[in-house]
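Reader: I would like to learn how such a model is read, one feature at a time. Could we begin with accessibility and then move on to the pairings between side chains?

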Amino acid sequence: MSRKTARPVTRLAYRPRFHNPGLAKWLHRIDVPTLLVWGAEDGLVPPAFGEAYRALIPGSRLVVIPQAGHAPFDEQKAAFLAAFRDFIDSQ
């Protein structure tokens with residue numbers, strides 16, 4: 001990992017373990033259409049986090065992809081693309 005890449009990762013992966021206690025106070029400021037796509041079987045960041053983000057980002061939409069883990073875009077490509085296309089078509 002380059003130094004240039006490490007800086008954003010460090011900011012996003014605030015300690016401890018990718019937890020930033022101040023994040024919730026900023027999410028309400030997102031004012032663009034937002035699609036959150038989560039794997040139902042995500043063992044790294046459980047779907048409950050997606051629901052929490054959805055509740056904090058105004059007008060956001062959460063799609064939970066069955067039979068997918070942390071990388072639904074790779075593990076369930078067709079379902080991911082369908083969710084993405086539906087979101088884009090609704091905008």
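Reader: Is arginine 54 buried, partly exposed or exposed?

Author: Relative accessible area sorts residues into buried (under 20%), exposed (over 50%) and partly exposed in between, with a 1.4 Å probe and protein chains only. Arginine 54 comes out at 30% relative accessibility, and therefore counts as partly exposed. Bear in mind that the model is predicted, so that local features need pLDDT of at least 70 and side-chain atom pairs pLDDT 80 or more, whereas totals for chains, interfaces and linings use all residues. Numbering runs from 1 along each chain as its sequence is written, and side-chain values rest on heavy atoms, without hydrogens or water.

Reader: Which side chain meets that of arginine 54 in a salt bridge?

Author: A salt bridge is a Lys or Arg side-chain nitrogen within 4 Å of an Asp or Glu carboxyl oxygen. Here the partner of arginine 54 is glutamate 51, with 2.6 Å from N to O. Because the two residues are three apart in helix α4, about one helical turn separates glutamate 51 from arginine 54. Glutamate 51 is itself partly exposed, at a relative accessible area of 35%.

Reader: How many salt bridges does a search of the whole structure find?

Author: The search finds two. Besides the bridge between glutamate 51 and arginine 54, lysine 77 and aspartate 74 join their side chains at 3.5 Å, again N to O.

Reader: How should I read an aromatic pair, and how many does the structure hold?

Author: A pair of aromatic rings is described by the distance of the centres and the angle of the planes. Rings of Phe, Tyr and Trp (its six-membered ring) pair when their centres lie within 6.5 Å, and are stacked under 30 degrees, edge-to-face over 60 and tilted otherwise. The structure holds two such pairs. In one of them, tryptophan 38 and tyrosine 53 stand 5.9 Å apart, centre to centre, with 55 degrees between their planes, and the pair is classed as tilted. Since tryptophan 38 belongs to strand β1 and tyrosine 53 to helix α4 (residues 47-56), this pair ties together parts that are 15 residues apart in sequence. Helices (H or I, at least four residues) and strands (E, at least two) are DSSP runs, numbered from the N terminus. Tryptophan 38 is buried, with a relative accessible area of 11%, while tyrosine 53 is partly exposed at 25%.

Reader: Why is the pair of phenylalanine 73 and phenylalanine 80 edge-to-face?

Author: Its ring planes lie at 75 degrees, with centres 6.3 Å apart, and so the pair of phenylalanine 73 and phenylalanine 80 is edge-to-face. Phenylalanine 73 is exposed, its relative accessible area being 52%, whereas phenylalanine 80 counts as partly exposed at 21% relative accessibility.

Reader: Which residues is serine 60 in contact with, leaving aside its neighbours within four places in sequence?

Author: Contact means heavy atoms within 4.5 Å. Serine 60, placed in the loop between α4 and β2, is in contact with Thr34, Leu36, Tyr53 and Arg54 once those neighbours are set aside. At 11% relative accessibility, serine 60 counts as buried. Threonine 34 lies in the loop between α3 (24-27) and β1 (35-39), and is also buried, at 13% relative accessibility. Not counting residues up to four places away, threonine 34 touches Ile57, Ser60, Arg61 and Phe87.

Reader: Where does glutamine 91 lie?

Author: Glutamine 91 is found in the segment after α6 (77-89), and counts as exposed at 53% relative accessibility. Glutamine 91 and proline 33 are 58 residues apart in sequence, yet their C-alpha atoms are 7.7 Å apart in space. Beyond its neighbours within four places in sequence, glutamine 91 is in contact with Pro33 and Arg61.

Reader: What is the phi of glutamine 67?

Author: Most residues other than glycine have a negative phi. Glutamine 67 instead has a positive value, near 55 degrees. Glutamine 67 sits in the loop between β2 (61-65) and α5 (72-75), and is exposed at 66% relative accessibility.
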